[in-house]
Amino acid sequence: MQLRPISRTDGYLPIEDHGLIGDGATCALVGRDGAIPWLCLPDFDSRPLLAGLLDAERGGGFHVTPVGLQASAQRYLEDTGVLVTELEGPDGRLELTDCMTLRSGSDLAEQVPPGRGELLRMATVVSGTVEVTVRLAPMDGVLVRRELGVWRLLWPAHPEMDLSLWCSHELAMSRDGALTTRVRLREGERLTCTLHWSGQTHTWSRTDPQRLVDQTAAAWRNWIGCISYDGPQRALVRRSALTLKLLDHASTGAIMAAATSSLPEEIGGVRNWDYRYTWVRDAAFTTYALRRIGMHAEADSFLAWTLRNVERDERTSIVYTLDGRRPGLEWEDLALSGYRGSGPVRWGNRAARQVQHDVYGELLDVAYQWVRSGGEVDQPLWGALCELTEQAIANWRTPDNGIWEIRDAGRPFTYSVALCHVAVDRARRIADQCGLPHPRERWQQEADAIRRTLLEQAWDPERETFTEQLTPEGQGDRGGLDGSLLTLPLRRVIAADDPRMVATTEAVRRRLDAGDGLLYRYLHDQSPDGLPGGEGAFVLCSFWLVDNLAGQGRLEEAHDLYDSLCGRANEVGLLAEEIDPSTGAFLGNFPQAFSHVGVITSGWNLGRAAEVARTRKERA
């Protein structure tokens, strides 16, 4: 590994200087400085025990690091969720291995019982002598007491949780309530810490830490045997699959949008959102990607989870918690200052109460994928899907908040109307394939009318491009461009090589260009969203551009762009939601599932397009 000096700004590591570990119930971020500044317990979307990522002074952290740290680097054990950080001190080098432990076996969903987990930190001196500092400082309000040789943490947010810390070396409580120690270790010597949590009092065995690491690595390698992919950027695609699995709530099948809350889309800005939930539109994109590379079990679980929510929810939401409920009210946490002072820190997400008409198409597309994979549609589910179809027909002309969840007056967004067409189209296909009763002729007429209106009213003949919203001729500004226009071929609304789509691709590429292949999702001066400030380039939009170029047969351009985007992943293969075009720094929540879906889908599409081109050439 290439070690690099540690660099902080305003007391914070760059977002990209972190790796991710997890166990299918929750996850943690591990910094390149040996600190864990983010850990929510017992689930992904629970309150954080450690939130130094959002407030370096008051948020808390779990440090295992050399005194006088000079440089470091990170890597994963190959094909695993086990993270290794090399840390260089003045007189030696320390290898820190972090994981949430699993036992051997291929079914990760059965590795850790609900509500129980173990975070293992194993530090070994690989050369010289290293003075190691250990410091666990949870968020304010957590009380610490010593009991039977173990430090127990009493957390008012979860009074039922048995939470304890064990260390191979003696810990002491500092004046500020943190648990600390400092020890000097020579080459070959080891320090181990384990943080345990469970819903009941539990005595954990002191299993050999190396054995636990080996078992955890074996469990991950058994799982990744399902992956089938030999296309471009194979190593990064496999890492993206592992990242999606690390964001997968094993007991329900839901996949989180991101691991974090409130990482800013602009340093010092207010676009800070809680992404520890599952968006319905993510399910459609994600399950498509998972199936392409052999993750059928995860795709089926995600589809089933989504469809269960459809049946249960009287008014379909666009976003759900991991257990299928709507997120609570969005609120601002005044106790935390935000990453690099970028407040407010938010919990919950108000988007759950927005009107977004694309949800109809997202859900019907999920159902269609379910049927194509062999899933059955019973009468209750078909009744719910028919109701969604009728809602799409009734509402597609009505303005909404759109895919980007603007906090401003609604508009008749092109993407939303397109997905209403998808809803009716997929409903017809499901009915035909399953022999289900439906108003065939009326649905066909409605689907044709929606598509026809979209192609007429979203097309700007002067600019020769589709635009972000529908506008009847002569009735006002057609609006700006937005990156979601690039999804029209992906949702089979219009072919990628249709001249109108080719022209739109070039217009989007030119107008939303952020430099070096990056795209903004929209420009705020042309597409107001009700919020001040700006944001970075949206990573997934650039992968959508790759897909359009591939669909137009421009394979060399598509490959060059794809390789450039993949080269922006951090040293352990992770991507955030956005990238600062001026510096390349990560912005927004991290790691972002959508960005890794882009890595997988675009890689698969490029591989398929290359194969089709080869076949045509051979036949010619």
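Predicted model: local features only at pLDDT ≥ 70, side-chain atom pairs only at ≥ 80, totals over all residues.
Tutor: Buried means under 20% relative accessible area, exposed over 50%, partly exposed in between (1.4 Å probe, protein chains only). Numbering starts from 1 along each chain, and side-chain values use heavy atoms without hydrogens or water.

Student: Are Arg 491 and Glu 362 buried or exposed?

Tutor: Arg 491 and Glu 362 form a salt bridge (side-chain nitrogen of Lys or Arg within 4 Å of a carboxyl oxygen of Asp or Glu), their closest N and O atoms being 3.0 Å apart. The pair links distant parts of the chain, with Arg 491 in the loop between strand E23 (465-466) and helix H9 (499-511), and Glu 362 in helix H5, 129 residues apart. Both residues, Arg 491 and Glu 362, are buried.

Student: Which residues are linked with Glu 362 and Arg 491 in a network of salt bridges?

Tutor: The structure holds 51 salt bridges. Besides Glu 362 and Arg 491, the network takes in Asp 365, Asp 425, Arg 426, Arg 428 and Arg 429.

Student: Why does Asp 33 count as buried?

Tutor: Asp 33 meets Arg 8 in a salt bridge with an N to O distance of 2.6 Å. Arg 8 is partly exposed, since its relative accessible area is 45%. Asp 33 counts as buried because its relative accessibility is 7%.

Student: How far apart are the end C-alpha atoms of helix H6?

Tutor: Helix H6 covers residues 379-395, and its buried residues include Leu 381, Trp 382 and Ile 393. At 1.5 Å a residue, its 17 residues should span 24 Å, which agrees with the end C-alpha separation of 24 Å.

Conventions
Helix = DSSP H or I, 4+ residues; strand = E, 2+ residues; numbered from the N terminus. Expected span 1.5 Å × (residues − 1).
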